[in-house]
Amino acid sequence: MDEAALWRRVGGQVVAREQLCYLLEQAELANVTLQVLPLDSGAHSGMNGAFTLLEFPDPSDPGVLYVEYPTGSLHVEKDTEVAAGRLAFDALHSEALDVIESKSLIRNLSEKL
């Protein structure tokens, strides 16, 4: 997740703190990996908007790149475009703070509220 989203206050201080605490709770789940892309990372491959990369355990099931926009969504199954989404995801993953650093950042922000 982009660090900018952590700083955006929606609903006031109490709500913001609860949201950050909720993220920390979810980050402890076995099926969740929460990483924060720091503000100082500059331009990155996710700046055009959020996307979801769906991959499945069965190799015969093709991957899907899912993109939402204000008036709808796209389900992209073309191999080259899904591969480009994978490259963008891998780049974001490598630029983001690791899991421990990410949780520490979120915890510190919640304590400042």
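Helices (H or I, at least four residues) and strands (E, at least two) were taken as DSSP runs, numbered from the N terminus. On this basis the protein follows the pattern α-α-β-β-β-α-α along the sequence, with four helices and three strands. The model is predicted: local features need pLDDT of at least 70, side-chain atom pairs count only at pLDDT 80 or more, and totals for chains, interfaces and linings use all residues. Residues are numbered from 1 along each chain as its sequence is written, and side-chain values use heavy atoms, with hydrogens and water left out.

The C-alpha trace spans about 45 × 30 × 25 Å along its principal axes. Of the 113 residues, 26% count as buried (under 20% relative accessible area; exposed is over 50% and partly exposed in between, with a 1.4 Å probe and protein chains only). Contacts were defined by heavy atoms within 4.5 Å. Among contacts between residues at least 6 apart in sequence, 61% join residues at least 24 apart.

Leu-109 touches Leu-6, Trp-7 and Leu-20, residues up to four places away in sequence not being counted.

Lys-103 is found in helix H4. With a relative accessible area of 14%, Lys-103 is classed as buried. Beyond its neighbours within four places in sequence, Lys-103 is in contact with Leu-24, Ala-27 and Glu-28.

The largest pocket has a volume of about 600 Å³. A pocket is an open set of points, on a 1 Å grid over the protein atoms alone, where a 1.4 Å probe fits, with protein on both sides within 12 Å along at least five of seven lines; lining residues have an atom within 4 Å of a point. Grid points are joined across faces, edges and corners, and the volume is the space filled by probe spheres set on the points. Of the 17 lining residues, Met-1, Asp-2, Gln-35, Phe-89 and Leu-92 lie nearest the centre of the pocket. Strand S1 (52-54) and helix H3 (79-95) each supply at least two lining residues, and H3 gives the most, with three.
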